[in-house]
Amino acid sequence: MKNILVTGGTGYIGSHTVVELLNLDYNVVIIDNLSNSKMMVLDRIEKITGKRPKFYKGDIRNREDLSKIFKENQIDCVINFAGLKAVGESVRMPLEYYENNIYGAVVLLEEMKKNNVFNFIFSSSATVYGDPASVPVDETFPTGGTTNPYGTTKLFIERILMDLAHAEPKFNICILRYFNPIGAHPSGLMGEDPNGIPNNLAPYITQVMVGKREKLNIFGNDYDTPDGTCIRDYIHVCDLAYGHVCAIKKLDENPGVVIYNLGTGKGSSVFDILHAFEKAYGKPIPYAIAERRAGDVTANYTKVEKAEKEIGFKAKYDINDMARDAWNWQKNNPNGYEEK
Ligand code: NAD
Ligand code: WQD
């Protein structure tokens, strides 16, 4: 079976992908600097799958860390989740974001090349479409117009990958543009564990449900949408995890560089999400209408045809499943991965 190096593998999406890979008998090696995740994730992965992935505490910007891994393991494919991802923080600390995300990706690719590893999967984001002219978006829509340095790192790395695939035909690269991953592993053992006040909708709602926050602030109800709140394409993190397996298989065809949007194809408003969580909770969740948040686009959801046709990817969970699993995780782990 193939050996997959998962950078950022103890993070939110990485950990769910590692579980999916182990369940399908891939061998997994993780590198993570633990800047935004905890060692305990490895115990949870083992509890769910019965297997413990090989773990290296290290940094993708550190050539020695990487070359040690490539020397000690015959890696077939790298999935690069490692990166900083907080939009607001990226506005305050742009250099840290460009250095960690872009320089990190470049060093990783250079070390792959040195060690004859040419299969690469990249965690990109729907944010590269900026404010799309219409929805649903497909992969041919223009990219650009990102509204924060985080999004711009994704845009620049995509560009670097396209130039690399052009210059070095040995590289096979799959760019996955995630829409809005939420939810958690159905076991309740793994989920999203943000530091501090959550920036994103779903973890904020679950923290209200568990009593850590007073109420949800809905950022604007005067958008040009049916209920006035913004529309996004929320995708269950386990569906997203499976998308990476589809991508690994695609790389066997030596496709050069390929790009897929990963979403459900269904747009949901903030109120739709709130109601899905209320259904899981069995009671109302307190909220207030607040000012619009700078940088938010009115609507962004994807067409699913390309991913379905070319890599056989189809999301199977809906927003009620996402809410149920996210709530199950938060309820069982009110403080995330912290020791109680
Ligand atoms: P996360 O923060 O939970 O996971 C990222 C992991 O990478 C963390 O465990 C962190 O410790 C590690 N890391 C960061 N910099 C590193 C470095 N230089 N070397 C080694 N490890 C490093 O984030 P996530 O939500 O799991 O996101 C994974 C990837 O997917 C990120 O690249 C993110 O930008 C991208 N993405 C996420 C979303 C989302 O909404 N969560 C949407 C689109 C794209
Ligand atoms: C969703 C909706 C908010 C919080 C961001 C990044 C994107 C990608 C995914 C990482 C919006 C509303 C939110 C709250 C609210 N990230 N909201 N109250 O903005 O679509 O995407 O995360 O890679 O790059 O930009 O997701 O979860 O922050 O917001 O009303 O407390 O919920 O206004 O309409 P977003 P989100």
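Helices are DSSP runs of H or I with at least four residues, strands are runs of E with at least two, and both are numbered from the N terminus; axes are lines fitted to C-alpha atoms, for helices over the stretch in contact, with angles running from 0 to 180 degrees between N-to-C directions. The model is predicted, so that local features need pLDDT of at least 70 and side-chain atom pairs count only at pLDDT 80 or more, whereas totals for chains, interfaces and linings use all residues. Residues are numbered from 1 along each chain as its sequence is written, chains are lettered from A and ligands numbered from 1 in the order in which they are written, and side-chain values use heavy atoms, with hydrogens and water left out.

The axes of helix 5 (residues 94-114) and helix 6 (residues 149-167) come within 9 Å and cross at roughly 20 degrees. Helix 5 and helix 6 are therefore roughly parallel to each other, a label given to angles under 35 degrees.

Around ligand 2 there are 19 residues, of which Tyr-150, Leu-201, Asn-217, Arg-232 and Asp-296 come nearest, a residue being near if one of its heavy atoms lies within 4 Å. Strand 8 (216-219) and helix 7 (201-209) each supply at least two residues of this shell, and the largest share, 4 residues, comes from strand 8.

Among the polar contacts (pairs of N or O atoms within 3.5 Å), a polar side-chain atom of Tyr-150 lies 2.3 Å from an oxygen atom of ligand 2, while a polar backbone atom of Leu-201 is 2.8 Å from an oxygen atom of the ligand.

Key: A polar contact is a pair of N or O atoms within 3.5 Å; within protein, one must be able to donate a hydrogen and the other to accept it, and residues adjacent in sequence count only if both atoms are side-chain atoms. Angles under 35 degrees count as roughly parallel, over 145 as roughly antiparallel, 65 to 115 as roughly perpendicular and the rest as oblique.
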